[in-house]
Amino acid sequence: MAKKIMTCKAAPEIELQFDGGEAILLRFDIRCLSSIQELEGGLKDFLKRGIPEMAAVIIYAAGKDINKDFDEDKAREIVANMSIENITEIIKTFQESVGVKGGEEEAKKLLAQILGAK
């Protein structure tokens, strides 16, 4: 008997909307994960990056196949002008898309890392 997957979910998406009317769609699908895995050092080195660089990589990987003229520098510029709350939401959405469930304790750890606490 064939195994059935009863609830096929679409990849999570976030739309970044800017004051000038520009919008960038981010899709957290297998292509996003593959782009991050293809980085030098793979996921292991990705997880050692600081929060701003990690967020920039996620934004680039999630947006590069959808948005024209989108590059890593644009992703870094977005992060540099983004609130910590928005950065946290993007990272949490990515984590959830790869099956890492984050509760309140994980959110606190992420915040502590952002603020440089030990």
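Start by selecting arginine 76 and glutamate 72: they form a salt bridge, with the closest N and O atoms 3.8 Å apart. A salt bridge here is a side-chain nitrogen of Lys or Arg within 4 Å of a carboxyl oxygen of Asp or Glu. This is a predicted model, in which local features need pLDDT of at least 70, side-chain atom pairs count only at pLDDT 80 or more, and totals for chains, interfaces and linings use all residues. Residues are numbered from 1 along each chain as its sequence is written, and side-chain values use heavy atoms, with hydrogens and water left out.

**Stop 1**

Arginine 76 and glutamate 72 both sit in helix H4, 4 residues apart, about one turn of the helix. Helices (H or I, at least four residues) and strands (E, at least two) are DSSP runs, numbered from the N terminus. An α-helix has 3.6 residues a turn, so residues three or four places apart point the same way.

Salt bridges that share partners join Arg49, Glu53, Glu72, Asp73 and Arg76 into one network.

Color these residues by accessibility. Buried means under 20% relative accessible area, exposed over 50%, and partly exposed in between (1.4 Å probe, protein chains only). Arginine 76 is partly exposed at 34%. Glutamate 72 is partly exposed at 39%. Aspartate 73 is exposed at 54%.

**Stop 2: another pair in the network**

Select arginine 49 and glutamate 53. They form a salt bridge, with the closest N and O atoms 3.4 Å apart. Arginine 49 is partly exposed at 23%, and glutamate 53 is partly exposed at 24%.

**Stop 3: the two faces of H4**

Select residues 72-80, which make up H4. Which residues of H4 are buried? They are Ala75, Ile78 and Val79. Turn to the face away from the buried side, and you find the exposed residues Asp73 and Ala80.

Next, show what the buried residues pack against: strand E1 (13-17), strand E2 (23-27), helix H3 (51-63) and helix H5 (84-97). Contact means heavy atoms within 4.5 Å.

**Stop 4: the whole chain**

Zoom out. The protein chain has 6 helices and 2 strands, in the order β-β-α-α-α-α-α-α. Buried residues make up 30% of its 118 residues. The structure holds 9 salt bridges.
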